[in-house]
Amino acid sequence: MKRLEEKIRQEGKILSDTVLKVDSFLNHQVDTALALEIGKQFHRIFAEQRITKVLTIEASGIQFAMATAMAFEVPFIYAKKKKAVTLQEKVYTAPVHSFTKQETYQVCVSQAYIGANDRILIVDDFLATGAALIGLVDIVKEAGAELVGVGCVIEKCFQEGRSLLEQKGVTVHSLAKITAMSPGEVQFMPGDDE
Ligand code: 5GP
């Protein structure tokens, strides 16, 4: 998605060979017009799939899941990283190891909101090691729902996330695919205008 790539080039800060900071439009302040455009793009990609719900994980995936769910005219669900006291019903859970925080936490989704009749599209901000998304994939499987695919806003192709998801038979579409980055320079997969 050219507009997203341009924004990353203009405003992204490359903190190291592996970490991209996009706080000015994606992870802290949010460019709402761009977020809505991202939702429409995921809708174009998965339009034929009769999606019933969009699933993400708090917090950075929420605005993109909402934009995508609006385009499909379906609800979205965000998995919680901590089980709140208000969440009293039965939950699906999966462990997720965070490599940035070096800790393992449980993601959970109420069993009331995903069921065997659902066709789920998972959406998230970044695909890096894939750990967070694999946790969501496991929750969809546990619920007996159909996983239609995963849509990521930014994929760092030099990390293992895509191959781990594809090994599980998951279809992955990303809107900006970064093949390499170093301070002052970011390279995208050529000829890719998803
Ligand atoms: P995972 O390693 O599980 O694929 O990524 C987990 C989460 O870490 C992503 O959803 C994203 O919020 C965050 N993350 C991973 N890599 C980056 C990065 O380069 N920049 C930013 N801003 N967040 C990242």
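Visitor: What does valine 140 touch?

Guide: Leaving out residues up to four places away in sequence, valine 140 touches Leu55, Ile114, Ile120, Ala145 and Leu147. Contact here means C-beta atoms, placed from the backbone, within 7 Å. This is a predicted model: local features need pLDDT of at least 70, side-chain atom pairs count only at pLDDT 80 or more, and totals for chains, interfaces and linings use all residues. Residues are numbered from 1 along each chain as its sequence is written.

Visitor: How many residues are in the largest nonpolar core?

Guide: The core has 53 residues, and Val140 is among those with the most contacts inside it, as are Val54, Ile120, Ile122, Leu133 and Leu136. Such a core is a set of buried Ala, Val, Leu, Ile, Met, Phe, Trp, Tyr and Cys residues joined through C-beta atoms within 7 Å. Buried means 20 or more other C-beta atoms within 10 Å of the residue's own, these atoms being placed from the backbone.

Visitor: Where is aspartate 118?

Guide: In the loop between strand 6 (103–110) and strand 7.

Visitor: Why does aspartate 118 count as buried?

Guide: Because aspartate 118 has 20 C-beta neighbours inside 10 Å. Its contacts include Thr52 and Ala145.

Key. Helices (H or I, at least four residues) and strands (E, at least two) are DSSP runs, numbered from the N terminus. A residue is buried if 20 or more other C-beta atoms lie within 10 Å of its own, exposed if 12 or fewer, and partly exposed in between; C-beta atoms are placed from the backbone. Two residues are in contact if their C-beta atoms, placed from the backbone, lie within 7 Å.
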